[in-house]
Amino acid sequence: MIKLTFCLHRKPGLTIEEFQDYWLNNHAPLVKSHVKALRIQRYVQAHSSDPAFSDALRKPRAGDLNKAPEIFDGVAQLWFNSFEDMASSSNDPAAIQAGKALLEDEAKFIDLPRSPLWFSQEHEIF
């Protein structure tokens, strides 16, 4: 299994509530509508909670919270069977259109330049 992890920062001007509502109720159904074309096996959204809970964990690790990295507003995780399976759809017009539609929608609520994403292979420990 290959996992795409996308650490999201909301666009300036959106509250956390507006961001999370749009992501869950508008973007998630859009992703779901393109599952077949993009060969997504699983899609999970992790929405950030009250920053006070995170700050309690961050402080001992970061010392000065003003210098600590920003907390993400959420993390999206998408699973795929393999890189080969993903690559086999790269010339499929439906997959190309799906990718464009998702990126266009992401630009409405995600600060894309501040939101890193990467592929990984999982190693389950327990």
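Modeller: The largest pocket has a volume of about 510 Å³, where a pocket is, on a 1 Å grid over the protein atoms alone, an open set of points where a 1.4 Å probe fits, with protein on both sides within 12 Å along at least five of seven lines, and the volume is the space filled by probe spheres set on the points, joined across faces, edges and corners. This is a predicted model, in which local features need pLDDT of at least 70 and side-chain atom pairs count only at pLDDT 80 or more, while totals for chains, interfaces and linings use all residues. Residues are numbered from 1 along each chain as its sequence is written, and side-chain values use heavy atoms, with hydrogens and water left out.

Lining residues, those with an atom within 4 Å of a point, number 22, and the closest to the pocket's centre are Leu4, Leu38, Leu78, Phe80 and Leu102. Two or more lining residues come from each of β1, α1, β3, α5 (93–109) and β4, these being DSSP runs numbered from the N terminus (helices H or I, at least four residues; strands E, at least two). Helix α5 gives the most, with five residues. By class, the lining has 18 nonpolar residues (Ala, Val, Leu, Ile, Met, Phe, Trp, Tyr, Cys and Pro), three polar and one charged (Asp, Glu, Lys and Arg count as charged, and the others, Gly among them, as polar).

As for the strands, β1 (residues 2–8) and β3 (residues 74–80) pair in the antiparallel sense over seven bridges, pairing requiring at least two DSSP bridges, and Phe80 in β3 is the bridge partner of Ile2.
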